[in-house]
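Hello,

Here is the structure I promised to pass on to you. Have a look at it first, and then read on for what turned up.

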Amino acid sequence: MRTEWSRRALLKVTGLTAAGAAITSGASPRAFAALADADTAPSAPIYLNLNENAFGPSEAVAPALTREFGRLSRYASDALAQPFLEQVATYEHLPVEQVIPGEILGGLGLWLGSRGGHGGEFLYSAPGYTALVDAAAHVGGEAVPIPLNARYENDLDAFREKLTPKTRAIYLINPHNPTGTVTETDTFLRFLREISQKAPVIVDEAYLEYTPDFERRSAVQLVREGANVLVFRTFDKIHGLAGLPIGYTLAPASVVSALRQQGYGNAESLGRLNITAASAALGDTAHGARVRNIVSEERAKWTSFLDRQGRKRSDTVTNFVFFDAGLPQVELAAYLRKQGIEIGRTFPPYTNWARITIGLPEENRKAQGALERLWR
């Protein structure tokens, strides 16, 4: 039986393909508006709030998904997931036994938190993304926040001081969220080698691929060395797959095996389309490089703008900026919402600071114009 495509479905898929082709050919980022739903009104808000990739996924993703549509009645299976795992392992230069797929930060927190009984401490930088430590707290773990240092980076010396026999794990985001700062590579790797001998360290590298030298900076080299270090990556950010979320964790084989026994990383839970999209995205490294370059250009415009406005800011290397707005963030967010722009939430204790995602060039210009009028 021939499948009939609705006009809306055709617009969505062909629009996605056209947007991917646009970035490949070097066309204006305006072409990425085709990624939006065909029914989206011209006056729809500009979303600069969740650190999504405004430039969309690789052009290889749409046809890969289209080919999979005829199998949507089938669960994702090991036969589908295993080649993806092997692809990741090859990309990361690790045995496949050290790769577990999925957005498992929460599951990792539950597993670590339930080991050894109640009261285990989980050290993390605050403010920050707390999925792992929140999950650990649900099973008796104690989240121990470590304030950022004066450069808005992970304060490694403070982590050393807070380490105790009760420390169950250390969770570090590098580059950090919400500040976008990255710790100097040699210092960071030296710290990880030292501290991982006392407690496992989970390094969240969701934004590291926005740095041009991310392979040199990555903590995955310590996983290869056999250190008690776990590295989390996601396809949600530079790969542009937030709508089909999937990631993976690189860890000692014993940890991967234990998590597998708990049911994490099974193919069915990952989703057929998620696996397919991630595999296509990972195969197109050139797309990531193009996104990295254009985000770098737009980030430079943002930091130059903030400097001209006299705003105190962090030294971000990611796809977002973090700065002192000079007024409570909730008031800034309300003002920008009236201008049709949504920004990130408040991150106490930086209640006057704002995190704004780097969007398309015209979106960034609109946001900067609105801020300039406010600060004039």
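Let me begin in a loop: Pro349 sits in the one between β10 (341-343) and β11 (353-357). The peptide bond that joins Pro348 and Pro349 is cis, with omega at about 5°. Please keep in mind throughout that this is a predicted model.

Thr346 is found in the loop between β10 and β11 as well. Leaving aside residues up to four places away in sequence, Thr346 touches Gln329, Val330 and Thr351.

Two other backbone details are worth a click. Most residues other than glycine have a negative phi, and most peptide bonds are trans. Against that background, Ala126 and Pro127 are joined by a cis peptide bond, with omega at about 0°. Pro127 belongs to the loop between β3 and α5. His93, a residue other than glycine, has a positive phi, near 60°. You will find His93 in the loop between α3 (78-92) and β2.

Now to the sheet. In what order do the seven strands of the open sheet run? The order is β2-β8-β7-β6-β5-β3-β4, and the pairing is mixed. At the edges are β2 (99-101) and β4 (142-147), each of which pairs on one side only. On average, neighbouring strands of this sheet are turned by 20° against each other, with direction ignored. As a reminder, strands of a sheet pair through backbone hydrogen bonds, either parallel or antiparallel. For strand β3 (residues 121-126) and strand β5 (residues 167-173) the sense is parallel, over four bridges. Within β5, Ile170 is the residue that stands opposite Leu123.

Which strands does helix α5 (residues 131-138) lie across? They are β3, β4, β5 and β6 (201-204), and α5 runs at about 150° to β3.

There is a helix pair to show you too. Helix α2 (residues 61-68) and helix α12 (residues 272-282) have axes that come within 9 Å and cross at roughly 145°. The crossing in which α2 passes α12 is right-handed. On the α2 side, Val61, Ala64, Leu65 and Glu68 take part, and they meet Arg272, Leu273, Thr276, Ala277, Ala280 and Ala281 in α12. By class, the residues of this contact divide into seven nonpolar, one polar and two charged.

Rolling a probe the size of a water molecule over the atoms shows where empty space is left.

How many cavities of 30 Å³ or more does the structure hold? There is one. The largest cavity contains about 40 Å³ of space. Its lining consists of Tyr91, Glu209, Arg233, Thr234, Phe235, His239, Tyr248 and Leu282. Four residues in the lining of the largest cavity are nonpolar, two are polar and two are charged.

As for pockets, I looked at the second largest pocket, which has a volume of about 470 Å³. Its lining is made up of 23 residues, and Leu50, Tyr129, Asn177, Tyr207 and Lys237 lie nearest its centre. Both α4 (105-114) and β7 (229-234) supply at least two residues each to the lining of the second largest pocket. Sorted by class, that lining has ten nonpolar, six polar and seven charged residues.

Conventions:
Residues numbered from 1 in each chain as written. Predicted model: local features only at pLDDT ≥ 70, side-chain atom pairs only at ≥ 80, totals over all residues. Heavy atoms only, no water. 1 Å grid on protein atoms, 1.4 Å probe; cavity = no way out; pocket = protein on both sides within 12 Å on 5 of 7 lines; lining within 4 Å. Points joined across faces, edges and corners; volume = space filled by probe spheres on them. Nonpolar A, V, L, I, M, F, W, Y, C, P; charged D, E, K, R; others polar. Pairing = 2+ DSSP bridges. Axes fitted to C-alpha atoms, helices over the stretch in contact; angles between N-to-C directions. Contact = heavy atoms within 4.5 Å. Left-handed = near helix turned anticlockwise from the far one by under 90°.
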